[in-house]
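Open your viewer and get ready to click along.

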Amino acid sequence: MVYLFAKLDAETRNARAKRTMRNHVGNDQPLIKNTKLMRTFNKSIRVIISLTLLISFSYSFLLMQSCNSDKKKTQDETVTVEKENVIEIITENMDFQMPDTISSGWNTFRYKNLSPQTHFFLVDKYPTGKTSKDAENLVAPVFDNGMKLIMEGKTEEGFAEFSKLPEWFSDVVFVGGSGLLSPNEVCETTINLKPGNYIIECYVKMSNGMFHTSMGMTKDLVVSDTDSGNEALEADIAMTISSTEGIVLNDSISSGKHVFSVYFKDQIAHEHFVGHDVNLVKLDDNADLEELQTWMNWADPKGLIEPAPKFVTFLGGVNDMPAGNIGYFTAILKPGNYALISEVPNARHKNMLKTFKIL
Ligand SMILES: [Cu+2]
(Lines give C-alpha, C1' and ligand atoms only; values in the text may rest on other atoms or scores of the structure.)
Protein backbone atom coordinates (compact mmCIF):
# COMPACT_ATOMS: atom_id res chain seq x y z
CA MET A 1 0.00 0.00 0.00
CA VAL A 2 2.81 2.42 0.95
CA TYR A 3 4.70 1.49 -2.23
CA LEU A 4 1.60 2.15 -4.30
CA PHE A 5 1.17 5.54 -2.71
CA ALA A 6 4.82 6.44 -3.39
CA LYS A 7 4.52 5.34 -7.02
CA LEU A 8 1.27 7.19 -7.52
CA ASP A 9 2.76 10.19 -5.79
CA ALA A 10 5.70 10.36 -8.19
CA GLU A 11 3.66 9.73 -11.32
CA THR A 12 0.89 12.11 -10.39
CA ARG A 13 3.41 14.76 -9.40
CA ASN A 14 5.16 14.54 -12.79
CA ALA A 15 1.93 14.52 -14.74
CA ARG A 16 0.46 17.41 -12.78
CA ALA A 17 3.66 19.42 -13.00
CA LYS A 18 3.69 18.96 -16.79
CA ARG A 19 0.05 19.95 -17.03
CA THR A 20 0.59 22.95 -14.79
CA MET A 21 3.54 24.12 -16.85
CA ARG A 22 1.57 23.83 -20.07
CA ASN A 23 -1.34 25.72 -18.62
CA HIS A 24 0.77 28.50 -17.22
CA VAL A 25 3.08 28.96 -20.15
CA GLY A 26 0.78 28.16 -23.03
CA ASN A 27 1.53 25.81 -25.88
CA ASP A 28 2.70 28.38 -28.43
CA GLN A 29 5.22 30.22 -26.29
CA PRO A 30 8.81 29.02 -26.05
CA LEU A 31 9.73 27.76 -22.59
CA ILE A 32 11.90 30.18 -20.59
CA LYS A 33 14.76 28.18 -19.14
CA ASN A 34 17.10 28.70 -16.24
CA THR A 35 16.00 32.16 -15.26
CA LYS A 36 15.79 33.11 -11.60
CA LEU A 37 12.13 33.88 -12.14
CA MET A 38 11.61 30.41 -13.60
CA ARG A 39 13.44 28.75 -10.69
CA THR A 40 11.30 30.65 -8.17
CA PHE A 41 8.22 29.78 -10.20
CA ASN A 42 9.23 26.11 -10.31
CA LYS A 43 9.89 26.11 -6.58
CA SER A 44 6.48 27.65 -5.84
CA ILE A 45 4.79 25.18 -8.13
CA ARG A 46 6.54 22.29 -6.36
CA VAL A 47 5.44 23.60 -2.97
CA ILE A 48 1.84 24.05 -4.18
CA ILE A 49 1.81 20.60 -5.81
CA SER A 50 3.29 18.95 -2.72
CA LEU A 51 0.75 20.62 -0.50
CA THR A 52 -2.10 19.73 -2.84
CA LEU A 53 -0.93 16.13 -3.01
CA LEU A 54 -0.49 15.97 0.74
CA ILE A 55 -3.99 17.28 1.30
CA SER A 56 -5.59 15.06 -1.34
CA PHE A 57 -3.77 11.95 -0.11
CA SER A 58 -4.67 12.70 3.49
CA TYR A 59 -8.26 13.13 2.39
CA SER A 60 -8.18 9.87 0.40
CA PHE A 61 -6.65 8.10 3.36
CA LEU A 62 -9.35 9.43 5.68
CA LEU A 63 -12.01 8.50 3.16
CA MET A 64 -10.63 4.96 2.89
CA GLN A 65 -10.48 4.68 6.65
CA SER A 66 -14.08 5.85 6.92
CA CYS A 67 -15.16 3.45 4.14
CA ASN A 68 -13.40 0.64 5.96
CA SER A 69 -15.14 1.47 9.21
CA ASP A 70 -18.49 1.77 7.38
CA LYS A 71 -17.88 -1.62 5.83
CA LYS A 72 -16.98 -3.04 9.22
CA LYS A 73 -20.10 -1.49 10.70
CA THR A 74 -22.28 -3.04 7.96
CA GLN A 75 -20.65 -6.43 8.53
CA ASP A 76 -21.22 -6.13 12.26
CA GLU A 77 -24.86 -5.18 11.70
CA THR A 78 -25.36 -8.14 9.37
CA VAL A 79 -23.89 -10.46 11.99
CA THR A 80 -26.21 -8.98 14.64
CA VAL A 81 -29.30 -9.45 12.45
CA GLU A 82 -28.37 -13.06 11.69
CA LYS A 83 -27.78 -13.76 15.35
CA GLU A 84 -31.11 -12.22 16.32
CA ASN A 85 -32.93 -14.13 13.60
CA VAL A 86 -35.27 -11.24 12.88
CA ILE A 87 -37.34 -11.08 9.69
CA GLU A 88 -37.28 -7.57 8.31
CA ILE A 89 -40.28 -6.09 6.52
CA ILE A 90 -39.94 -2.69 4.87
CA THR A 91 -42.69 -0.56 3.35
CA GLU A 92 -41.53 2.26 1.11
CA ASN A 93 -44.39 2.65 -1.33
CA MET A 94 -47.47 0.48 -0.79
CA ASP A 95 -45.31 -2.64 -0.69
CA PHE A 96 -43.97 -5.32 1.64
CA GLN A 97 -40.26 -5.83 1.05
CA MET A 98 -39.53 -9.13 2.78
CA PRO A 99 -38.51 -12.73 2.06
CA ASP A 100 -40.96 -14.93 0.08
CA THR A 101 -40.33 -17.94 2.33
CA ILE A 102 -39.70 -18.05 6.07
CA SER A 103 -39.32 -20.82 8.61
CA SER A 104 -42.24 -21.91 10.77
CA GLY A 105 -42.59 -21.63 14.54
CA TRP A 106 -41.73 -18.47 16.45
CA ASN A 107 -40.57 -15.55 14.34
CA THR A 108 -39.87 -11.93 15.20
CA PHE A 109 -40.78 -9.46 12.46
CA ARG A 110 -39.10 -6.07 12.48
CA TYR A 111 -41.37 -3.76 10.48
CA LYS A 112 -39.93 -0.50 9.19
CA ASN A 113 -42.35 2.04 7.78
CA LEU A 114 -40.31 4.19 5.41
CA SER A 115 -43.40 5.58 3.65
CA PRO A 116 -45.48 8.71 4.32
CA GLN A 117 -48.61 6.67 5.26
CA THR A 118 -49.62 4.70 8.35
CA HIS A 119 -49.66 0.91 7.85
CA PHE A 120 -49.66 -2.45 9.58
CA PHE A 121 -48.94 -5.93 8.40
CA LEU A 122 -51.49 -8.64 8.92
CA VAL A 123 -50.88 -12.32 8.14
CA ASP A 124 -53.91 -14.05 6.60
CA LYS A 125 -54.29 -17.79 6.21
CA TYR A 126 -56.18 -18.11 2.95
CA PRO A 127 -57.93 -21.34 1.95
CA THR A 128 -55.79 -23.81 0.00
CA GLY A 129 -55.11 -22.64 -3.54
CA LYS A 130 -56.04 -18.99 -2.94
CA THR A 131 -53.28 -16.44 -3.41
CA SER A 132 -52.65 -12.70 -3.22
CA LYS A 133 -53.96 -12.50 -6.81
CA ASP A 134 -57.35 -13.70 -5.54
CA ALA A 135 -57.15 -11.13 -2.76
CA GLU A 136 -56.44 -8.38 -5.31
CA ASN A 137 -58.94 -9.51 -7.94
CA LEU A 138 -61.84 -10.94 -5.96
CA VAL A 139 -61.69 -9.41 -2.47
CA ALA A 140 -60.18 -5.93 -2.71
CA PRO A 141 -62.58 -4.64 -5.43
CA VAL A 142 -65.60 -5.63 -3.34
CA PHE A 143 -64.22 -3.76 -0.33
CA ASP A 144 -63.33 -0.75 -2.50
CA ASN A 145 -66.83 -0.57 -4.04
CA GLY A 146 -68.49 -1.07 -0.64
CA MET A 147 -66.34 1.64 0.93
CA LYS A 148 -67.02 4.02 -1.95
CA LEU A 149 -70.77 3.69 -1.34
CA ILE A 150 -70.33 4.10 2.45
CA MET A 151 -68.31 7.27 1.85
CA GLU A 152 -71.07 8.60 -0.41
CA GLY A 153 -73.45 8.17 2.53
CA LYS A 154 -75.05 5.03 1.04
CA THR A 155 -74.25 2.94 4.10
CA GLU A 156 -76.75 0.14 3.51
CA GLU A 157 -75.84 -0.31 -0.14
CA GLY A 158 -72.20 -0.23 0.89
CA PHE A 159 -72.55 -3.05 3.39
CA ALA A 160 -74.77 -4.98 0.95
CA GLU A 161 -71.84 -4.89 -1.46
CA PHE A 162 -69.85 -7.13 0.90
CA SER A 163 -72.23 -10.00 0.14
CA LYS A 164 -70.41 -10.15 -3.20
CA LEU A 165 -67.29 -11.45 -1.46
CA PRO A 166 -66.37 -14.96 -2.63
CA GLU A 167 -67.79 -17.71 -0.46
CA TRP A 168 -64.33 -18.90 0.63
CA PHE A 169 -63.59 -15.45 2.11
CA SER A 170 -65.33 -16.49 5.33
CA ASP A 171 -62.64 -19.18 5.72
CA VAL A 172 -59.82 -16.63 5.78
CA VAL A 173 -58.18 -16.59 9.22
CA PHE A 174 -56.17 -13.66 10.54
CA VAL A 175 -53.19 -15.16 12.37
CA GLY A 176 -51.43 -12.08 13.72
CA GLY A 177 -49.14 -9.31 12.58
CA SER A 178 -48.12 -5.88 13.77
CA GLY A 179 -50.28 -3.10 15.13
CA LEU A 180 -50.56 0.19 13.26
CA LEU A 181 -47.24 1.90 12.58
CA SER A 182 -46.75 5.60 11.82
CA PRO A 183 -44.37 6.84 9.11
CA ASN A 184 -40.67 6.56 9.97
CA GLU A 185 -41.31 4.23 12.92
CA VAL A 186 -40.03 0.69 13.49
CA CYS A 187 -41.80 -1.98 15.50
CA GLU A 188 -41.20 -5.60 16.43
CA THR A 189 -43.86 -8.29 16.66
CA THR A 190 -43.31 -11.97 17.45
CA ILE A 191 -45.84 -14.62 16.40
CA ASN A 192 -45.93 -18.37 15.87
CA LEU A 193 -46.82 -19.57 12.37
CA LYS A 194 -47.58 -23.08 11.21
CA PRO A 195 -46.25 -24.27 7.83
CA GLY A 196 -48.45 -23.25 4.90
CA ASN A 197 -49.27 -20.52 2.41
CA TYR A 198 -50.21 -17.12 3.73
CA ILE A 199 -50.92 -13.61 2.49
CA ILE A 200 -49.57 -10.46 4.09
CA GLU A 201 -51.83 -7.42 3.78
CA CYS A 202 -52.55 -3.90 5.00
CA TYR A 203 -56.10 -2.57 4.72
CA VAL A 204 -55.59 1.03 5.82
CA LYS A 205 -57.32 3.35 3.31
CA MET A 206 -55.99 6.10 1.09
CA SER A 207 -57.65 9.50 1.37
CA ASN A 208 -60.09 8.53 -1.45
CA GLY A 209 -61.23 5.46 0.51
CA MET A 210 -59.32 2.86 -1.52
CA PHE A 211 -57.72 0.16 0.58
CA HIS A 212 -53.94 -0.23 0.57
CA THR A 213 -54.69 -3.87 -0.30
CA SER A 214 -55.77 -2.64 -3.75
CA MET A 215 -52.67 -0.49 -4.04
CA GLY A 216 -50.26 -3.44 -3.87
CA MET A 217 -50.11 -4.13 -0.14
CA THR A 218 -50.66 -7.87 -0.48
CA LYS A 219 -47.89 -10.40 -0.67
CA ASP A 220 -47.75 -14.18 -0.79
CA LEU A 221 -45.73 -15.73 2.00
CA VAL A 222 -44.68 -19.37 2.29
CA VAL A 223 -44.03 -20.68 5.79
CA SER A 224 -41.84 -23.74 5.36
CA ASP A 225 -41.82 -27.01 7.29
CA THR A 226 -38.43 -26.09 8.75
CA ASP A 227 -38.84 -24.81 12.28
CA SER A 228 -37.05 -21.56 13.13
CA GLY A 229 -35.85 -23.11 16.38
CA ASN A 230 -36.78 -19.91 18.18
CA GLU A 231 -38.44 -19.96 21.58
CA ALA A 232 -41.40 -17.83 22.63
CA LEU A 233 -40.31 -14.51 24.15
CA GLU A 234 -40.22 -13.82 27.83
CA ALA A 235 -42.55 -10.90 28.39
CA ASP A 236 -42.22 -8.48 31.28
CA ILE A 237 -45.68 -7.01 30.72
CA ALA A 238 -48.53 -9.44 30.19
CA MET A 239 -51.98 -8.50 28.93
CA THR A 240 -55.08 -10.36 27.84
CA ILE A 241 -57.71 -9.21 25.40
CA SER A 242 -61.25 -10.51 25.10
CA SER A 243 -64.68 -9.39 23.91
CA THR A 244 -65.98 -9.68 27.47
CA GLU A 245 -63.28 -7.92 29.51
CA GLY A 246 -61.42 -5.85 26.93
CA ILE A 247 -57.72 -5.20 27.47
CA VAL A 248 -56.61 -6.38 30.90
CA LEU A 249 -53.19 -5.41 32.09
CA ASN A 250 -51.93 -6.37 35.51
CA ASP A 251 -48.43 -4.94 35.45
CA SER A 252 -47.56 -1.28 35.88
CA ILE A 253 -45.39 0.07 33.10
CA SER A 254 -42.13 1.95 33.60
CA SER A 255 -39.91 3.73 31.09
CA GLY A 256 -37.42 1.76 28.99
CA LYS A 257 -37.57 -1.32 26.80
CA HIS A 258 -40.40 -3.79 27.34
CA VAL A 259 -41.61 -7.03 25.86
CA PHE A 260 -45.43 -7.13 25.97
CA SER A 261 -47.35 -10.37 25.61
CA VAL A 262 -50.91 -10.30 24.29
CA TYR A 263 -53.06 -13.34 25.04
CA PHE A 264 -56.24 -13.59 22.96
CA LYS A 265 -58.68 -15.06 25.47
CA ASP A 266 -61.35 -15.02 22.79
CA GLN A 267 -61.92 -13.59 19.36
CA ILE A 268 -65.11 -12.40 17.70
CA ALA A 269 -66.21 -10.53 14.60
CA HIS A 270 -67.06 -7.01 15.82
CA GLU A 271 -69.54 -4.66 14.09
CA HIS A 272 -67.02 -4.10 11.30
CA PHE A 273 -66.63 -7.88 10.72
CA VAL A 274 -63.06 -8.17 11.99
CA GLY A 275 -61.67 -9.09 15.39
CA HIS A 276 -59.84 -7.24 18.14
CA ASP A 277 -56.13 -6.54 18.34
CA VAL A 278 -53.76 -4.33 20.36
CA ASN A 279 -52.09 -1.13 19.16
CA LEU A 280 -49.63 0.94 21.16
CA VAL A 281 -50.01 4.67 20.58
CA LYS A 282 -47.94 7.62 21.83
CA LEU A 283 -50.17 10.58 22.66
CA ASP A 284 -48.99 14.16 22.31
CA ASP A 285 -50.45 16.85 24.57
CA ASN A 286 -53.04 17.76 21.92
CA ALA A 287 -54.08 14.18 21.12
CA ASP A 288 -57.84 13.74 20.74
CA LEU A 289 -58.89 10.32 22.05
CA GLU A 290 -62.38 10.60 20.52
CA GLU A 291 -60.88 11.24 17.09
CA LEU A 292 -58.48 8.32 17.62
CA GLN A 293 -61.33 6.01 18.64
CA THR A 294 -63.40 6.91 15.56
CA TRP A 295 -60.38 6.40 13.35
CA MET A 296 -59.87 2.84 14.63
CA ASN A 297 -62.92 1.54 12.69
CA TRP A 298 -62.23 0.80 9.04
CA ALA A 299 -65.97 0.70 8.25
CA ASP A 300 -66.40 4.34 9.31
CA PRO A 301 -65.96 6.78 6.39
CA LYS A 302 -63.51 8.66 8.63
CA GLY A 303 -61.86 5.50 9.92
CA LEU A 304 -58.50 3.96 9.11
CA ILE A 305 -58.07 6.52 6.35
CA GLU A 306 -55.31 8.95 5.47
CA PRO A 307 -54.50 11.33 7.00
CA ALA A 308 -54.11 9.52 10.32
CA PRO A 309 -55.15 11.51 13.42
CA LYS A 310 -52.78 14.30 14.37
CA PHE A 311 -50.81 14.30 17.63
CA VAL A 312 -50.65 10.50 17.88
CA THR A 313 -47.86 8.13 16.86
CA PHE A 314 -48.65 4.48 16.21
CA LEU A 315 -45.90 2.21 17.55
CA GLY A 316 -47.04 -1.28 16.52
CA GLY A 317 -48.64 -3.99 18.64
CA VAL A 318 -50.18 -7.38 17.84
CA ASN A 319 -52.77 -7.76 15.07
CA ASP A 320 -55.86 -10.04 15.10
CA MET A 321 -55.30 -13.62 16.18
CA PRO A 322 -57.71 -16.49 16.84
CA ALA A 323 -58.71 -17.30 20.43
CA GLY A 324 -56.09 -19.08 22.51
CA ASN A 325 -53.11 -17.54 20.71
CA ILE A 326 -50.40 -15.35 22.13
CA GLY A 327 -48.29 -12.72 20.34
CA TYR A 328 -45.58 -10.36 21.56
CA PHE A 329 -44.47 -6.86 20.74
CA THR A 330 -41.45 -4.91 21.89
CA ALA A 331 -41.36 -1.19 22.58
CA ILE A 332 -39.04 1.38 24.09
CA LEU A 333 -41.12 3.73 26.21
CA LYS A 334 -40.00 7.27 26.95
CA PRO A 335 -41.75 9.53 29.46
CA GLY A 336 -45.13 10.69 28.17
CA ASN A 337 -48.71 9.60 27.62
CA TYR A 338 -49.63 6.41 25.82
CA ALA A 339 -52.71 4.39 24.87
CA LEU A 340 -53.36 0.74 24.15
CA ILE A 341 -56.30 0.58 21.77
CA SER A 342 -57.99 -2.04 19.68
CA GLU A 343 -58.90 -1.47 16.03
CA VAL A 344 -62.64 -1.93 16.67
CA PRO A 345 -65.70 0.36 16.80
CA ASN A 346 -66.39 1.91 20.25
CA ALA A 347 -63.12 0.71 21.75
CA ARG A 348 -63.55 2.63 25.03
CA HIS A 349 -66.98 1.12 25.65
CA LYS A 350 -65.44 -2.35 25.20
CA ASN A 351 -62.58 -1.56 27.61
CA MET A 352 -60.29 -1.72 24.61
CA LEU A 353 -58.89 1.79 25.08
CA LYS A 354 -56.53 2.08 28.03
CA THR A 355 -54.31 5.10 28.66
CA PHE A 356 -51.20 5.20 30.82
CA LYS A 357 -48.46 7.62 31.70
CA ILE A 358 -44.73 6.96 31.78
CA LEU A 359 -42.93 9.16 34.28
CU1 LIG B 1 -51.00 0.24 4.49
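Helices (H or I, at least four residues) and strands (E, at least two) are DSSP runs, numbered from the N terminus. This is a predicted model, where local features need pLDDT of at least 70 and side-chain atom pairs count only at pLDDT 80 or more, while totals for chains, interfaces and linings use all residues. Residues are numbered from 1 along each chain as its sequence is written.

Next, select Phe121, Ile200, Cys202, Leu280, Val281, Phe329 and Ile341. They have the most contacts inside the largest nonpolar core, which has 58 residues. Such a core is a set of buried Ala, Val, Leu, Ile, Met, Phe, Trp, Tyr and Cys residues joined through C-beta atoms within 7 Å; buried means that 20 or more other C-beta atoms lie within 10 Å of a residue's own, with C-beta atoms placed from the backbone. Now colour helix H3 (residues 132-151), which gives the most to this core, with six residues.

Move on to strands E8 (residues 237-242) and E9 (residues 246-249), an antiparallel pair with four bridges. (Strands pair if DSSP finds at least two bridges between them.) They form a hairpin with three residues between them. Find Thr240 in this pair: Val248 of E9 stands opposite.

Last stop: the open antiparallel sheet E12-E11-E14-E15. Strands E12 (312-318) and E15 (353-358) are at the edges with a single partner strand each, so one side of each has no neighbour in the sheet. Finish at Gly336, which stands opposite Ile358 in E15.

Terms used
Buried ≥ 20, exposed ≤ 12 C-beta atoms within 10 Å, placed from the backbone.
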